[in-house]
Amino acid sequence: MSKEIVLSGIRPTGNLHLGNYYGALSKFVRIQNDYDCNFFIADLHALTTNPDPTQLHASVKTILAEYLAAGIDPDKATIFVQSDVPEIAEMYLLLNMHVGIGELMRTTAFKDKARKALGITATDENDEQIEREIIGNETNKRVNAGLLTYPTLMAVDILIQKATKVPVGKDQLQHLELTRRFARRFNSFYGVDFFPEPYDFDFGGAPVKVPGLDGSGKMGKSEGNCIYLIDEPKVLRKKVMRAVTDEGPQTPNSPMSEPIANLFSLLELTSTPEVVKHFREAYADCSIRYGDLKKQLAEDILAVTTPIRDRINDILGNEDYMRKVLAQGAEKARERASKTLADVREIMGIRKF
Ligand code: TYM
């Protein structure tokens with residue numbers, strides 16, 4: 001029986017952080033033996049925020065080294081760069097003909113990015129303000145069309161490989177929902193049973209959202225609250241020791257404030273159940289010392305990241321190997337992509353005589 005197709009990608013916007021690791025990369029490694037796995041570097045998606053070209057060149061290399069260092073095996077999984085598969089760009093154009101501007105504008109990720117670009121504070125009530133700024137100000141180039149059509153491109157990444165399982169963090173689930181909607185719409189418009197509907201990879205348990213160390217929200221590059229896989233031990237310890245806390249529990253079994261709950265979330269990801277239990281009990285009976293918790297957390301994170309960091313540096317020194325991995329990956333990814341694209345062109349009525 002053929003294996004189920006898995007696909008996922010990460011944008012090359014710098015080094016990978018613990019959010020990327022627990023939300024995506026560590027899962028990639030876990031499933032590569034049992035599925036037809038395809039992991040890519042989403043450089044076209046990175047272009048939506050207009051990165052510096054020199055930095056983008058460097059980031060693609062970094063992400064590849066980080067994929068390999070974390071344990072993705074190019075003989076088991078297909079590893080490729082999105083722009084090495086030109087079929088994706090063509091199908092992006094074709095699928096956009098079936099995507100509404102309104103549904104794209106309502107996407108949470110788009111609204112967040114548009115607000116940020118326009119300097120508007122985040123509330124649910126300012127959708128109209130975003131629209132006014134975007135539509136009413138023709139010199140405003142900060143919210144580009146690529147940012148709006150980001151979900152179409154992501155849907156194409158998935159659908160062109162006919163992937164059914166997509167391991168991602170919680171923040172990407174809405175994009176996955178849109179992908180299913182686009183697939184259904186395409187199938188029903190043309191009366192075909194062509195695209196399968198992709199779902200998040202179910203590992204049991206809740207979707208992963210790695211928090212930042214600044215007390216609220218998720219860990220993210222633009223939030224400036226990241227622990228990177230590549231962080232030197234000294235830097236990493238310092239970041240953890242500086243994490244926001246509160247004045248400590250005042251009465252037994254009191255509820256946790258967000259910054260403390262976040263520290264426990266990180267501890268749960270990186271430490272053993274015994275360690276987590278120990279600190280939970282200490283919190284419950286008010287004997288907890290946050291300094292001890294942070295020290296333990298820093299060491300447990302380092303136990304995960306140190307071996308990866310060592311390998312990243314080795315791999316970055318071997319460009320020939322990296323080039324070979326990408327050439328082999330692009331060839332495999334294009335095989336299925338070109339077949340899907342040829343079918344889509346035919347279904348949509350592009351000339352074939
Ligand atoms: P990107 O580059 O923002 O993030 C890559 C992956 O890391 C996960 N992630 C997190 N998970 C948990 N907690 C966090 N704090 C955290 N921060 C990041 C993300 O959920 C993601 O899985 N649009 C995608 C890239 C992409 C893609 C695709 C993914 C393009 N095409 C097709 C899957 C399938 C993105 O921007 O990821």
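Strand β1, which spans residues 5-10, is mostly covered, since five of its six residues are buried; buried here means under 20% relative accessible area, exposed means over 50%, and partly exposed lies in between, with a 1.4 Å probe and protein chains only. Strands such as this one are DSSP runs of E with at least two residues, helices are DSSP runs of H or I with at least four residues, and both are numbered from the N terminus. The structure is a predicted model, in which local features need pLDDT of at least 70 and side-chain atom pairs count only at pLDDT 80 or more, while totals for chains, interfaces and linings use all residues. Residues are numbered from 1 along each chain as its sequence is written, and side-chain values use heavy atoms, with hydrogens and water left out.

From β1 the reader can move to strand β2, residues 36-41, which runs parallel to β1 and is joined to it by six bridges; two strands are said to pair if DSSP finds at least two bridges between them. Along this pairing, Leu 7 stands opposite Asn 38 in β2, and Ile 10 has Ile 41 of β2 as its bridge partner. Strand β2 is itself mostly covered, with five of its six residues buried.

On to strand β3: β2 and β3 run parallel and are joined by four bridges, and in this pairing Phe 40 stands opposite Phe 80 in β3. Strand β3 covers residues 78-81, and its side chains point in two directions, with Thr 78 and Phe 80 going one way and Ile 79 and Val 81 the other way, although all of them are buried.

Among the helices, α9, which consists of residues 150-159, is mostly covered, with 10 of its 10 residues buried. Its buried residues include Tyr 150, Pro 151 and Thr 152, and also Asp 157, Ile 158 and Leu 159.

Val 276 lies in helix α13 and is buried, because its relative accessible area is 8%. Leaving aside residues up to four places away in sequence, Val 276 touches Phe 264, Leu 267, Glu 268 and Ser 271, where contact means heavy atoms within 4.5 Å. Val 276 and Leu 118 are 158 residues apart in sequence, and their C-alpha atoms are 42 Å apart in space.

Gly 212 sits in the loop between β5 (199-200) and α11 (233-241), and it counts as buried because its relative accessibility is 3%. Not counting residues up to four places away in sequence, Gly 212 touches Gly 217, Lys 218, Met 219, Asn 225 and Asn 262. From Gly 212 to Leu 266 the separation is 54 residues in sequence and 9.0 Å in space, taken C-alpha to C-alpha.

Asn 253 is in the loop between α11 and α12 (258-270), and it has a positive phi of about 55 degrees although it is not a glycine. Asn 253 counts as exposed because its relative accessible area is 63%. A positive phi is also found at Cys 286, a residue other than glycine, where the value is near 65 degrees. Cys 286 belongs to the loop between α13 (273-284) and α14 (290-316), and it counts as partly exposed because its relative accessibility is 27%.

Stepping back to the whole, the protein chain has 15 helices and five strands. Its C-alpha atoms fill a box of roughly 75 × 50 × 40 Å, taken along the principal axes. A compact globule of 353 residues would have a radius of gyration near 20 Å, and the 22 Å of the protein chain agrees with this; the radius is taken over C-alpha atoms, and the globule rule is 2.2 Å times the number of residues to the power 0.38.

Of the 353 residues, 47% count as buried, and among contacts between residues at least 6 apart in sequence, 77% join residues at least 24 apart. The accessible surface comes to about 17500 Å², of which 51% belongs to carbon and sulfur atoms, with areas computed by the Shrake-Rupley method with a 1.4 Å probe.
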